[in-house]
Amino acid sequence: MGLISASVATPILDGIRDPSDLRAMSDDELVHLADELRSETLSIVSQTGGHLGSSLGVVELTIAIHTVFDTPRDKLIWDVSHQCYPHKVLTGRRERMRTLRKQDGPSGFTRRAESIYDAFGAAHSSTSISAGLGFAVGRDLGADVGDVVCVIGDGAMSAGMAFEAINNAGALGKRVFVILNDNAMSISPPTGALSSHLAKLSGRLEDATEYLDGSVSNLFEHMGFTYHGPIDGHDLKGLLATLRHLKSDGQGPILVHAVTRKGAGYVHAEASEDKYHGVNRFDIATGIQEKGVAKAPTFTKVFATALVAEAERDPRIVAITAAMAAGTGIDVFSRAFPDRSFDVGIAEQHAVTFAAGLAASGLKPFCAIYSTFLQRAYDQIVHDVALQGLPVRFAIDRAGLVGADGPTHAGSFDIGYLANLPGFTVMAASDEAELVHMIATAAAHDKGPIAFRYPRGEGAGIALPPRGVVLPIGKGRIVEHGSTVALLSFGTRLSHCLSARRTLAAHGISATVADARFAKPLDTELIEDLFSNHRLLITIEEGATGGFGSLVLHHLAGRGMLDGRCCVRTMTLPDIFIAQGSPEQMYDAAGLTSRHIEQLVLSTLPRPRARHGHGRHGLGGKQKGLSALQRPEDR
């Protein structure tokens, strides 16, 4: 493998239609193909952005697996699958890869609907061995499945689900190949005892003599796997020889320990601290990434800075993350308070119950996890936190739609799955200043669990307060007063409500805009006031149905206020998984922009018509009693 600094010619790759072409090549030709595939991957991601380091690290593994195994009948399952770009190039999608992660382009992850070579969809970690074992059992029960190959990184191997699958696979004894892609690097350097064990197995630690001479067996052998390795994951000929031997003679569950380098072959990635894990468009020669001029700090940065400020005043504040220290801003907290910061690895379930234990001990844990990843710990949230009324503070990053990573990373469901739990307090920041106040509110809150959600990306450019103010629990605010329509926002769609208000004014429609702040407890006084004094109430949220709008409707129905008085509509994410695109494109597809708010108002409010006798502003046809769009004072 040579270092690549610029695009090169790809004559061998140009002749590849699908993996069957690889099986007609000599090993020397495959070695040359690896250089071309690495160059092609580099060229693609320089134009599209995406997960570069992980993809460069598996070029040789990808070629070796597709050459030795008969894909797609043999099933290749990529754990997380953010390293699948070379796989996609070799499986008939090369021409579309320049639209990777864009609207209508290939996903940045494996996706069953996209190709028969994507045996299993992924994007969250540690699922591959479980899925692979399912394929293996299906094969042995008559399904048209050949061999099963699962490629899992050392970081993903730290999660409990991977251990559960290894335990089950070792007991069942089914033939399944697990390739451990060990590069000593997840998004950040891995943590934990397993990482040390793998380092000893691979010889990265000096005190590993007993591992290397075979006098100490390893974890995987104890779990019923036949262990092969460590082997050089960039020695393509060595990989081919090993996999051919194992495919021919291997029995039962087999683990191949391949040592690789994240970002391998690209000098700028190998020299970078994060190995170019996720990149914007960049210049291949210099490695310099394109970055727009920031108009405001990101919500993540605001969270990190405000949490550090709170922790300086309160020594009981601690922070937990699950292998996403940089993504959540906990790396900033860790530099300020290394003894009060904990990265537990890819282990969201453990993170939540660990935080519950910290809370039970009298500390103030802030558990910072992306909305989409927090889903993995729902039982722990229910049983270990909510049921016990423990004051764990959940900082929920990436709330709402996130752009190029697509539906697997969208924060669509946390409002519903948290607000239905007894004793939970659920907030959403409408801008970065509100986020600072919510962090202060969470720090002061000791009466049960509390969560605050905020999106990916830049804030609105709102001036930040010098110090967060503790908000009254369950109280929203009116931002702009009007008389005809009430727009009640939960989260950062508030700016779109304000934009819609200006446009509606041109139509002669006066709109009140309110920021709910809390989905639980609801500001029932505010809601009832908006309902009683406007002809139309619309709730807007960046979450799925069953969330904030449903809670508002439930309250109004319980009070008997929906019995023919004010028209109510809810705006939520639609009941579909929205494909990747820019955040703006995704929210447009979801129908949650200012334009959609305006259209809903205009289509719901009837046009005035001439009165005849005792006629009313109805919706058409004869009505008895009060019109659905009349205010109480119009009776």
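Modeller: Here are some labels from this model, each set against its definition. It's a predicted model, so local features need pLDDT of at least 70, side-chain atom pairs count only at pLDDT 80 or more, and totals for chains, interfaces and linings use all residues. Residues are numbered from 1 along each chain as its sequence is written, and side-chain values use heavy atoms, with hydrogens and water left out.

Biologist: Let's start with T71: why is T71 called buried?

Modeller: Buried means under 20% relative accessible area, exposed over 50%, and partly exposed in between (1.4 Å probe, protein chains only). T71 has a relative accessible area of 4%, so T71 is buried.

Biologist: And what makes A444 partly exposed?

Modeller: A444 has 44%, so A444 is partly exposed. A444 is found in helix α19, residues 432-444. Helices (H or I, at least four residues) and strands (E, at least two) are DSSP runs, numbered from the N terminus.

Biologist: Back to T71, then. What makes the link between the side chains of T71 and H66 a polar contact?

Modeller: A polar contact is a pair of N or O atoms within 3.5 Å; within protein, one must be able to donate a hydrogen and the other to accept it, and residues adjacent in sequence count only if both atoms are side-chain atoms. The one between T71 and H66 is 2.8 Å. T71 sits in the loop between α3 (59-68) and β1 (75-78), and a cis peptide bond joins T71 and P72, with omega about 10 degrees.

Biologist: Now a helix. How do you know that the span of α6 is close to what's expected?

Modeller: The expected span is 1.5 Å times one less than the number of residues. Helix α6 (residues 160-172) has 13 residues and reaches 18 Å from its first C-alpha to its last, close to the 18 Å expected.

Biologist: Why are the buried residues of α6 said to be on the same side?

Modeller: Those residues are A162, A165, I166 and A169. They cover an arc of only 100 degrees around the axis, which puts them on the same side of α6. The arc is that of the directions from the helix axis to the C-beta atoms. As background, an α-helix has 3.6 residues a turn, so residues three or four places apart point the same way. The face of α6 turned away from the buried side carries the exposed residues E164 and A171.

Biologist: How do you know whether α5 and α6 are roughly parallel or roughly perpendicular to each other?

Modeller: Angles under 35 degrees count as roughly parallel, over 145 as roughly antiparallel, 65 to 115 as roughly perpendicular and the rest as oblique. Axes are lines fitted to C-alpha atoms, for helices over the stretch in contact, and angles run from 0 to 180 degrees between N-to-C directions. α5 and α6 pack at about 25 degrees, with their axes 8 Å apart. They are therefore roughly parallel. Contact means heavy atoms within 4.5 Å; among the residues making it are L133 of α5 and I166 of α6.
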